[in-house]
Amino acid sequence: MTDIMERGSDVRDDATSTASSSLIWPFLVLAAVAAAQAFGVLTSPPDRDMGHLQKIMYAHVPAAWNAFLAFVVVLAGSVMYLWKREEKWDLLAASAAEVAAVLTALTIALGSIWGRPTWGV
């Protein structure tokens, strides 16, 4: 009987350590991406024509690409909802649409910030 109780506690400890280690990976990846972005912005030389203003493209272009990707997810989720009539696909499409709207707004804002001094508009 004690052997069964000991094994039960080992299983719980394994599950807890696995759960806690799986929760830390997203934060480590996010920190690595943020560090890489900061390294790129801080160490790259200014552009000959635009100077440091060109570095806004390091955020503008990825925001635009990810907005397009989010709209592709909206399309896929919407098609799957129309085909399968399962609510999970509709929720996926709605969630992706929110992300796409935010990224599109970010893209437009960053493009405006870059365009004004570049084109003198």
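A residue counts as exposed when its relative accessible area is over 50%, and as buried when that area is under 20%. Values between these limits make a residue partly exposed. The legends below apply these words to a predicted model.

**View 1. The chain is built from helices, with zero strands.**
There are three helices. Along the sequence they give the pattern α-α-α. The chain has 121 residues, and 17% of them are buried. Contacts also reach across the sequence. Of those between residues at least 6 apart, 54% join residues at least 24 apart.

**View 2. Arg48 and Asp49 form a salt bridge.**
The closest N and O atoms of this pair are 3.6 Å apart. Are the two partners buried or exposed? Arg48 has 76% relative accessibility, so it counts as exposed. Asp49 is exposed too, with a relative accessible area of 61%.

**View 3. Lys88 and Glu86 meet through their side chains in a salt bridge.**
Here the N to O distance is 3.8 Å. The cut-off for a salt bridge is 4 Å. Lys88 has 54% relative accessibility. The limit for exposed is over 50%, so Lys88 counts as exposed. Glu86 has a relative accessible area of 35%, so it is partly exposed.

**View 4. The salt bridges of the model are shown together.**
How many salt bridges are there? The count comes to two. One joins Arg48 to Asp49, and Lys88 meets Glu86 in the other.

Notes:
Residues are numbered from 1 along each chain as its sequence is written. This is a predicted model: local features need pLDDT of at least 70, side-chain atom pairs count only at pLDDT 80 or more; totals for chains, interfaces and linings use all residues. Side-chain values use heavy atoms; hydrogens and water are left out. Helices (H or I, at least four residues) and strands (E, at least two) are DSSP runs, numbered from the N terminus. Buried means under 20% relative accessible area, exposed over 50%, partly exposed in between (1.4 Å probe, protein chains only). Contact means heavy atoms within 4.5 Å.
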